[in-house]
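These are my notebook entries on one protein chain. I looked up its overall make-up and then the surroundings of two residues.

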Amino acid sequence: MAKVSFEHPPKINLLTMFRLGLFQMGLGIMSILTLGVLNRIMINELVIPATVVAATIAMHQFVAPARLWFGQLSDAKKIGGTHRTGYVWIGAALFAIASFLAVQVTWQLGNSVYSQGWTLQTYSWVALLAGIFALYGLALSSSSTPFAALLVDISDEENRSQLVGIVWSMLMVGIVIGAIISARLLPAPTTCQETAVSTVSIFSDPQSLALLQNAINRLFLLLPAVVFGLAVLSTFGVEKKYSRYTSRSTVAEREDKVTLPRALKVLSASRQTGLFFSFLLIMTISLFMQEAVMEPYGGEVFGMCVSETTRLNAFWGTGTLLGISCTGFLIVPRIGKQKTAQLGCLTVAMSLVLVVISGFSANPQMLQGALLLFGLASGVTTTGAISLMLDLTAAETAGTFIGAWGLAQAIARAVATVTGGAVLDIGKQLFTERVLAYGLVFTLQACGMILAIWFLNRVDVTEFRSNAKQAIASILENELD
């Protein structure tokens, strides 16, 4: 009987790499809608406590462990003849629908808080909104995890870093574009509050409420539909043409085959992995604590409109894009990966101090400049940390190690979102001046970055290479036996 041979798929070209980046660009746009627009509306216009808002929105990050299951599911079961594309499309459609439903429940919650206060009915709306955000997170995982697996399927060792770099940069482009489009679709006259600090719900002003609802509903109808279109456009035909999945070994380690127990074993395999993951955890929490409070900061302290606070993300996103683009070429080759990450953390701490100082001056231009620097520093930190992580990875366990990092990062971002909201509420109880309440969040972030440097200084790549690789490999060998 003749042996069946398969034609090797062609190498992915640069144009297709940028086309795939459209999916990540869409995810960047969605992050602006949830963490940029909706949280600002809930805290400022609807006067809902920041802790409640942050905890509710963070539900989409707390369900991140489901990404492991969706990855395994896309390995085993095809949808429409493909392992990845069908999951990407269905997930994108579901998170687009979930985002619109979240807005409609938000209006009901705001009305209940205004008309009844914190009654059983109000808490029921909170629970429903948290549930919708959990479903949003599950839909996001069911789409983004198979997409990440698709990137592995269609690339080879020599072009994978190029593909990942382009796709990651497109995420930042999406954040900038989302911020600009949102600002244009939320014109200032319909969304500005008359006072910088408001303790009265917008439900007390029916005319302003109607204008705001129309603007927000239109935004959450139009942009998610565009994002779904980008998901289809970016992946159409790519898997069938370029995927090497069926020709690769089924026992190959992949990010989406990481189980939680295995991830925890890998993290505790040696002193060096423990130190490095402690650094990553503290760094990630300290980097993202401001996500749920930055737009309300612009509204309450600087008197900005929703359209203006949404545009703040463009300054942060542009800085991050520049930081990621330049660091690998200009900084890492000169000072090394570990010192690059240290420099990034220190610069993040300094930029956060500038964010606090800008609040005392109430100068929006100073805040925008501080956020541009914060984004630049974030890009440097992220690039340095990821580059160092690749050095601290044994080739035969790369999928497990990077998968464990991805899961830890998702949980850290969820914790950061909730912590930022909780610290803001504590600050509001401690201080009558709003700038001091918000300053407490940013100061805590800066302190966290200094603590992250302390852990990073104790990471020794040489020690890792001498013993950690063997420890990790032995764990996986024991599990396979």
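Entry 1. I began with a term: a residue counts as buried when its relative accessible area is under 20%. I also noted that the model is a predicted one.

Entry 2. I looked up Val 176 and found it in helix α7, which covers residues 157–185. Is Val 176 buried or exposed? Its relative accessibility is 15%, so I recorded Val 176 as buried. I then listed its contacts, leaving out residues up to four places away in sequence: Val 176 touches Ala 314, Gly 317 and Thr 318. I also checked Thr 310, which is 134 residues from Val 176 in sequence; their C-alpha atoms are 9.9 Å apart in space.

Entry 3. I turned to Ala 292, which I found in the loop between α12 (271–288) and α13 (294–302). Which residues does Ala 292 contact, apart from its neighbours within four places in sequence? I found Asn 39, Ile 43, Ala 54 and Thr 417.

Entry 4. I ended with the whole protein chain. I counted 19 helices and zero strands. Of its 481 residues, 55% are buried. Among contacts with a separation of 6 or more, 86% join residues 24 or more positions apart. The accessible surface comes to about 20,000 Å², and I noted that 66% of this surface belongs to carbon and sulfur atoms.

Conventions. Residues are numbered from 1 along each chain as its sequence is written. This is a predicted model: local features need pLDDT of at least 70, side-chain atom pairs count only at pLDDT 80 or more; totals for chains, interfaces and linings use all residues. Side-chain values use heavy atoms; hydrogens and water are left out. Helices (H or I, at least four residues) and strands (E, at least two) are DSSP runs, numbered from the N terminus. Buried means under 20% relative accessible area, exposed over 50%, partly exposed in between (1.4 Å probe, protein chains only). Contact means heavy atoms within 4.5 Å. Accessible areas come from the Shrake-Rupley method with a 1.4 Å probe; for residues, only the protein chains shown count as cover.
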